[in-house]
Amino acid sequence: MIKLCGFSLSNYYNKVKFVLLEYGIPFEEVPVQTSQEEAMLAQSPLGKVPFIQTEHGNLCESQAIVEYLHARYPDKGIFSADPWEAAKEREMIAFVELHLELVARNLYKEAFFGGKVTDATKGRAEKLLTRHIAGFKRLAKLDPYLCGGSFSVADASGFVNLPLVGLTTQIVYGHDFLLEAGVDWKRYLKTVGERPAAQRVTADRKAYMAASKPA
Ligand SMILES: N[C@@H](CCC(=O)N[C@@H](CS)C(=O)NCC(=O)O)C(=O)O
């Protein structure tokens, strides 16, 4: 059975977990923290989560994992059968992760971890996010799902990543760039959040946060 390694606060861990749950693929969770220790680097080359353990060995990078699951379980229909639809789902995932989340990530230190980022970092992230969110808005259907009227694998990524972008900009700049641009991620979250897979991901994330709070 596939072992999913990481922790329930990680957005990329939760993306893969969402996919495993949503498409009914059996898996086991193995709690692993990020680290730069040799033992961890031997498992995941950058010490990042998630990674999976399989009978073939380990695999990291959430999108590579999702692609592997799609190829290994072709009957599950993780990506659409139609090549165009499937390509649009991949495009959407790339947009959310590379152009939105990865840019916002430069600000997490200040948004969530009690640190500070430089004004230069803030300025650069603001410029990029403004441009990228406008592009995302041109692409995303949000009626109600990212790629249109039906849930797709892109929503596993949207569900875990869009709130981070909204919350980060709200905390760091005092306004939510997504909401301001007319991307109603809160409504989107409600819609996707009705799915049992999303509910499990959210419940586990909350439990993890509660357990990590100092007494
Ligand atoms: N591109 C990677 C990103 C994974 C990632 O950044 N994971 C974070 C946790 S959400 C991590 O391991 N951070 C620790 C580090 O960067 O050293 C993926 O899609 O899996």
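This briefing covers the strands, the helices and the ligand shell of one structure. The model is predicted. Strand β1 pairs with β2 in the parallel sense and with β3 in the antiparallel sense. Helix α1 is largely enclosed by the rest of the structure, because 11 of its 12 residues are buried. The helices α1 and α3 each supply at least two residues of the shell around the ligand.

**Strands**

- Strand β1 covers residues 2–6 and strand β2 covers residues 27–31; five bridges join them, and they run parallel.
- Within this pairing, G6 stands opposite P31 of β2.
- Together with helix α1, the strands β1 and β2 form a right-handed β-α-β unit.
- Strand β3, residues 51–54, runs antiparallel to β1 and is joined to it by three bridges.
- A hairpin of two residues links β3 to β4, and T54 has G57 in β4 as its bridge partner.

**Helix α1**

- Helix α1 runs from residue 11 to residue 22.
- Its end C-alpha atoms are 16 Å apart, which agrees with the 16 Å that 12 residues should span at 1.5 Å a residue.
- The buried residues of α1 are N11, Y12, Y13, N14, K15, V16, K17, F18, V19, L20 and E22.
- After α1 comes G24, which has a positive phi near 65°.

**Helix α4**

- Helix α4 spans residues 83–104, 22 residues in total.
- From its first C-alpha to its last, α4 reaches 30 Å, close to the 32 Å expected at 1.5 Å a residue.
- Buried residues in α4 include the charged-type side chains K88, E89, E97 and E101.
- Also buried in α4 are M92, I93, F95, V96, L100, V103 and A104.
- The cover over the buried residues of α4 includes α1, α3, α6 (119–139) and α7 (154–173).

**L164 in helix α7**

- L164 lies in helix α7.
- L164 has 19 other C-beta atoms within 10 Å; a residue needs 20 or more to be buried, so L164 is partly exposed.
- Leaving aside neighbours within four places in sequence, L164 is in contact with N11, E101 and A104.
- N11 is one of the buried residues of α1, while E101 and A104 are among the buried residues of α4.
- L164 and E101 are 63 residues apart in sequence, and their C-alpha atoms are 7.3 Å apart in space.

**Ligand shell**

- The residues around the ligand are S10, N11, Y12, T34, G47, K48, V49, P50, E61, S62 and Q63.
- By type, three residues of the shell are nonpolar, six are polar and two are charged.
- Helix α1 (11–22) and helix α3 (62–72) each supply at least two of the shell residues.
- N11 belongs to the shell around the ligand and is also in contact with L164.
- Y12, another residue around the ligand, is buried in α1.

Key. Residues are numbered from 1 along each chain as its sequence is written. This is a predicted model: local features need pLDDT of at least 70, side-chain atom pairs count only at pLDDT 80 or more; totals for chains, interfaces and linings use all residues. A residue is near a molecule or strand if its C-beta atom, placed from the backbone, lies within 6 Å of it. Helices (H or I, at least four residues) and strands (E, at least two) are DSSP runs, numbered from the N terminus. Two strands pair if DSSP finds at least two bridges between them. A crossover is right-handed if, with the strands pointing away from the viewer, the path from the first strand over the helix to the second runs clockwise. The expected span of a helix is 1.5 Å times one less than its number of residues. Two residues are in contact if their C-beta atoms, placed from the backbone, lie within 7 Å.
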